[in-house]
Amino acid sequence: MKELLKKMTLKEKIGQMMQLSPFFFIADLEKEAAGPIRELDLNQEKIFSAGSILGVGSSEEMVAVQKKYLSKNRLGIPLIFMADIIHGYKTIFPVPLALASSWNREVVKTAARISAIEASSSGIHMTFSPMADLVRDPRWGRCVESFGESPLLVAEFSKAMVEGYQQNDLKKTGNLGSCVKHFAGYGAVEGGRDYNTVDLSLQTLHSTHFAGYRSAIESGCVAIMTAFNLFEGVPCTINKDLLQKVLRDQWHFSGITISDYDSLHEVISHGVAENSKDAAAMGIEAGLDIEMASTCYINHLETLVNNHQIDLNLIDEAVLRILELKKQLGLFENPYKGAIPSAEQTMVRCPEFLSATKKAATESAVLLQNDGTLPLSTSQKIAILGPYAASTKTNGPWSWHGYNDNNASLNDVLLSRKIPVVFSKPADSLEEYTDHDIDRIRQADILLLALGEPENWSGEAHSRADISLPGKQASFVEFAATLNKKAVVLLQNGRPLILDNILCASAILETWFLGSMASEAICDLLYGIANPSGKLPMSFPRSHGQIPIYYNALQTGRPNTNETHPQEYVSKYLDSPNSPLFPFGYGLSYSTFHCSNLCLSAKRMKENDSLVVSITLENQSPIDGTDVIQVYLGDPVARISRPVRELIAFRKISLKGNEKTTVSFELTKKELSYRLKDGSLVTDPGKFILYVGDDPNQLLQNDFFLE
Ligand code: BGC
């Protein structure tokens with residue numbers, strides 16, 4: 001690639017560093033460039049020097065754009081097509097927060113694999129996924145795109161996604177290059193308001209928020225996207241400490257860096273650059289290779305080089321990385337890689353893929369409450385009420401290519417299975433039901449209440465200050481009680497909600513947005529064809545005042561050791577327990593699982609030894625089921641304050657009815673270690689406490705010493 005670089009003019013090099021949408025290659029700019037587009041100051045020459053494309057509609061569009069581009073590109077350097085393939089392309093998988101609830105690495109990997117196969121059939125080469133931002137504030141709309149609040153879960157599922165997309169072979173058709181995002185700490189926006197300020201210490205970044213990005217990089221992802229927010233007062237997109245010290249020097253990342261949408265230009269709004277020329281200089285000096293959707297580089301880098309204000313070597317290094325990526329992706333050999341209209345038609349949403357997303361959906365739902373009403377019997381008469389009673393909008397945010405129209409509603413699925421549905425009518429509030437409707441509802445044995453958030457209430461720029469159930473939805477549950485009927489709440493939502501006003505329901509099934517086969521999966525779960533096995537990847541607060549609330553909080557100087565009778569001067573609220581309503585790691589099953597006999601292979605461990613932790617898991621019911629054993633570590637004395645407990649290992653185990661097994665984990669120094677603010681990994685000798693089990697409210701405890 002170095003030879004190719006030598007042949008390139010400065011203008012051609014700078015073009016490679018710009019990413020545009022396909023619109024610019026298709027539109028007649030003279031006529032259509034108005035408003036903000038005119039302000040981009042682009043002309044045909046600049047456009048046809050771009051290096052990559054953001055978002056493409058179909059294989060036809062990809063071929064048309066690439067062909068037109070190559071016909072005008074002097075050196076025949078193909079475009080890379082990148083897009084947001086977040087949880088599926090046409091076959092939509094559960095949203096990432098739901099996938100994380102499966103606590104199943106294979107499920108997450110398969111979702112990424114199938115997304116890659118489908119998306120690459122439309123000529124897409126790279127995806128802006130995984131989103132490895134750790135989240136702690138359910139008001140933030142982008143929780144839905146995350147894997148939740150645990151560094152371990154975020155790291156494990158980011159890894160699974162990168163492996164699923166790339167399969168260690170970028171050249172192969174059917175694989176996508178992965179771009180992890182948003183570096184760094186975007187999940188910590190203050191007040192959960194999207195695009196807001198972030199103020200995190202380097203210590204917290206290294207020990208907590210970096211886990212996902214680091215893991216994606218260690219798994220070989222080829223690109224990283226910078227975040228909209230600040231780090232120590234400097235926007236991440238131009239932050240040398242992040243892009244050089246951490247990324248290149250400490251993590252030895254050799255892939256490309258890319259801005260978020262317009263985020264290089266937005267450093268002006270952040271108040272650290274006066275104009276787009278300054279922004280361009282700051283971006284290149286920090287090590288930003290590609291500018292997405294804004295035009296600071298294309299319009300100013302040439303002047304900056306010619307005026308000796310920036311070093312040409314910086315541009316050469318960035319362009320070389322971009323060219324190398326194009327080579328790795330096999331685009332010089334086949335610029336139209338993957339774009340096969342016939343494959344796009346036949347391969348997508350095939351039965352195999354739909355069955356994979358159904359499996360993912362059944363594993364991603366979380367049973368929050370059940371008084372024994374679930375599973376239902378097929379003879380019980382059903383009424384379906386609530387805003388989503390007939391909804392097919394189960395895909396959730398970031399699923400542009402997967403049409404909700406292809407999805408079945410719960411009502412459709414129940415009827416196709418000959419379930420006696422005596423009433424089904426969507427309504428935002430009870431007042432919409434007539435007396436006649438209520439007479440019919442009375443005939444039902446069970447009221448299925450389809451409640452929660454509309455599909456567009458989470459995702460980017462969709463934060464909420466109030467995360468209660470919208471409108472008067474809680475009154476559906478009270479209504480069921482007044483009719484003396486059992487209420488089964490089916491919740492759809494893209495974040496934890498405050499559910500204190502629906503706890504009188506007989507059952508609550510958290511279904512998030514489960515994708516293309518959501519209704520089929522929910523129906524299987526309702527009737528016991530599938531047994532719920534999901535566990536929460538984020539804590540559900542009791543009230544807004546508890547936010548942020550997360551399981552791995554640090555120790556305080558005045559811990560509240562007795563929630564029921566707290567002392568006066570301890571860390572507590574006067575009007576609420578500290579604990580969440582539904583904790584991280586929580587989720588019920590139709591089976592009755594019991595954990596006992598937590599054993600350690602030794603009470604003392606040397607630094608280079610390993611320790612085996614085992615626990616007996618027994619299914620005390622006749623119902624086959626799947627459970628998750630979670631291992632948490634407490635490090636009571638370390639050189640910095642450590643979380644009261646931190647998830648260090650987990651395993652999903654299926655047991656037949658009345659079956660019993662021993663689940664073992666081998667712990668090494670790695671599991672006991674944590675990061676300091678310089679990024680180094682350390683362990684401190686002394687006592688460690690293990691908390692192990694399947695229910696975060698009832699973990700078994702044991703301890704050992706590290707010598
Ligand atoms: C989002 C990114 C996304 C990009 C491209 C931005 O607004 O923050 O997550 O990858 O757009 O669509």
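1. How far is an oxygen atom of the ligand from an N or O atom in the side chain of D260? The separation is 2.6 Å. This is a polar contact (a pair of N or O atoms within 3.5 Å; within protein, one must be able to donate a hydrogen and the other to accept it, and residues adjacent in sequence count only if both atoms are side-chain atoms). The protein covers 93% of the 310 Å² of accessible area that the ligand has on its own. Areas come from the Shrake-Rupley method with a 1.4 Å probe; for residues, only the protein chains shown count as cover.

2. Basis of the values. The model is predicted: local features need pLDDT of at least 70, side-chain atom pairs count only at pLDDT 80 or more, and totals for chains, interfaces and linings use all residues. Residues are numbered from 1 along each chain as its sequence is written, and side-chain values use heavy atoms, with hydrogens and water left out.

3. The ligand shell. It has 13 residues (a heavy atom within 4 Å of the ligand). The closest are D84, R142, H182, D260 and E460. For D84, a side-chain N or O atom is 2.4 Å from a ligand oxygen. For K181, the distance from a polar side-chain atom to a ligand oxygen is 2.9 Å.

4. G459. This residue sits in the loop between β14 (446-452) and α20 (474-482). Helices (H or I, at least four residues) and strands (E, at least two) are DSSP runs, numbered from the N terminus. G459 is buried at 2% relative accessible area; buried means under 20%, exposed over 50%, partly exposed in between (1.4 Å probe, protein chains only). E145 is 314 residues away in sequence, yet its C-alpha is 6.9 Å from that of G459.

5. Helix α21. Why is α21 (residues 518-526) largely enclosed by the rest of the structure? Because 9 of its 9 residues are buried. They pack against α17 (351-364), α18 (410-416), β14, β15 (486-492) and β16 (507-510), with contact meaning heavy atoms within 4.5 Å. Just after α21, G528 has a positive phi of about 75°.

6. Aromatic pairs. The whole structure holds 25. Rings of Phe, Tyr and Trp (its six-membered ring) pair if their centres lie within 6.5 Å; planes under 30 degrees apart are stacked, over 60 edge-to-face, the rest tilted. F23 and F24 are edge-to-face, at 5.4 Å and 85°. F23 is partly exposed at 29%; F24 is buried at 7%. Y551 and F584 are stacked, at 4.2 Å and 15°. Both are buried.
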